[in-house]
Amino acid sequence: MRIPTPNLWPAARTGQRLLLQARRRETRLDGHKLVYLERGTPGAGKPTVVLIHGFAAMKENWGFWLQRLPRHWHLLAPDLPGFGESDYLPGACYRYETQARRLGQWLAGFDTDNVHLAGSSMGGAIAAVLAHTLDPAPRSVTLLNSAGIPEHARVDIHAPFESDRDGILIPRDWKGVYRMFNSVGTGKPTVSGLAMTGLLGPDLLGRTDALRHIFRDMVADALAPARYLGPETPPLQVQWGDRDVITPTRCVDWFGSATPHAEIHMFRGVGHLPMLETPVRSAAVLESFVRRHGR
């Protein structure tokens with residue numbers, strides 16, 4: 001007889017939100033229930049910073065940044081459609097451009113023209129598209145180990161794209177969950193990787209079909225962000241971990257030719273998630289960037 005593994009994540013999620021003094025909000029968006037965290041309110045002289053999580057992740061990934069960013073800022077951290085507490089719809093599209101369109105519709109409901117975007121991995125790809133479709137344009141965009149970036153300048157961004165990252169990012173059993181949490185770091189086994197496996201494993205293993213669908217949609221137009229990023233991109237900051245095994249550091253070289261104005265920060269000894277692995281440094285460079293480009 002197999003004893004069901006308890007899912008401790010909902011209780012942990014609520015506890016984190018209370019500690020962060022953030023409000024849990026719900027709205028409807030393109031047929032989906034959208035759940036997001038909000039701290040602060042929009043207002044004169046206050047930036048609205050939108051934090052967009054990555055694949056197989058959730059709004060709580062930004063918890064360390066929520067602890068460190070100024071208390072008077074207006075912060076928004078959504079569970080993207082298809083992830084976390086937001087709805088997944090089997091018949092929906094989850095390509096980068098579609099997700100960016102949804103977030104643009106959501107952000108139109110906030111009374112602010114002082115928006116700053118920050119996205120991690122898949123969220124970075126969505127932020128890169130959204131930065132060029134949002135009206136008015138964001139005042140800055142920060143990409144952390146972003147997906148959707150070519151590995152060298154000669155890549156044909158319109159050609160079919162194949163990826164084997166689903167073998168890491170879509171766990172099929174407990175061993176796969178443990179492998180995923182270590183791979184999105186530096187690739188080495190860690191105590192935190194073991195802890196996250198136990199905390200989030202039941203939730204992830206219940207999302208296999210949804211994650212496969214969303215991954216297929218992402219890969220169908222995998223380099224869409226590269227079609228948008230260029231000289232007309234709003235002020236751009238790039239944060240990257242030099243030990244990333246998901247989005248290799250050679251992707252950073254592409255920004256040098258496509259967006260030469262970009263401010264680039266390479267974190268030594270850090271993997272795929274700077275906001276979790278080096279939250280003090282990554283939040284500090286984001287704060288400085290927003291202050292320089294805010295109203």
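In which hand, left or right, does H3 pass H4? The crossing of H3 past H4 is right-handed, and the close-up views described below, all taken from a predicted model, begin with that pair of helices.

**View 1. Helix H3 crossing helix H4.** Helix H3, spanning residues 96–107, and helix H4, spanning residues 122–133, have axes that come within 8 Å of one another and cross at roughly 65 degrees. Because angles of 65 to 115 degrees count as roughly perpendicular, H3 is described as roughly perpendicular to H4. On the H3 side the contact is made by Tyr96, Glu97, Gln99, Ala100, Leu103, Gly104 and Leu107, and on the H4 side by Met122, Ala125, Ile126, Val129 and Leu130. Sorted by class, the residues in the contact of H3 with H4 are nine nonpolar, two polar and one charged.

**View 2. The open sheet of eight strands.** The strands follow the order S1-S2-S4-S3-S5-S6-S7-S8 in an open sheet with mixed pairing. Strand S1 (23–29) and strand S8 (263–267) are the edge strands, each of which pairs on one side only. On average, and with direction ignored, neighbouring strands of this sheet are turned by 20 degrees against each other.

**View 3. Strand S3 and its pairing with strand S4.** Strand S3 is mostly covered, in that five of its five residues are buried. Thr48, Val50 and Ile52 point one way from S3, whereas Val49 and Leu51 point the other way, and all of them are buried. The pairing of S3 with S4 is in the parallel sense and extends over three bridges, with Val49 standing opposite Leu75 of S4.

**View 4. Strand S6 beside strand S7.** Strand S6, made of residues 140–144, runs parallel to strand S7, made of residues 236–241, and four bridges join the two. Within this pairing, the bridge partner of Val141 is Leu236 in S7.

View 5. Helix H12, comprising residues 279–293, lies across S5, S6, S7 and S8, and runs at about 175 degrees to S7.

Methods: Residues are numbered from 1 along each chain as its sequence is written. This is a predicted model: local features need pLDDT of at least 70, side-chain atom pairs count only at pLDDT 80 or more; totals for chains, interfaces and linings use all residues. Side-chain values use heavy atoms; hydrogens and water are left out. Axes are lines fitted to C-alpha atoms, for helices over the stretch in contact, and angles run from 0 to 180 degrees between N-to-C directions. Angles under 35 degrees count as roughly parallel, over 145 as roughly antiparallel, 65 to 115 as roughly perpendicular and the rest as oblique. A crossing is left-handed if the near helix is turned anticlockwise from the far one by less than a right angle, and right-handed if clockwise. Contact means heavy atoms within 4.5 Å. Ala, Val, Leu, Ile, Met, Phe, Trp, Tyr, Cys and Pro count as nonpolar, Asp, Glu, Lys and Arg as charged, and the others, Gly among them, as polar. Two strands pair if DSSP finds at least two bridges between them. Buried means under 20% relative accessible area, exposed over 50%, partly exposed in between (1.4 Å probe, protein chains only).
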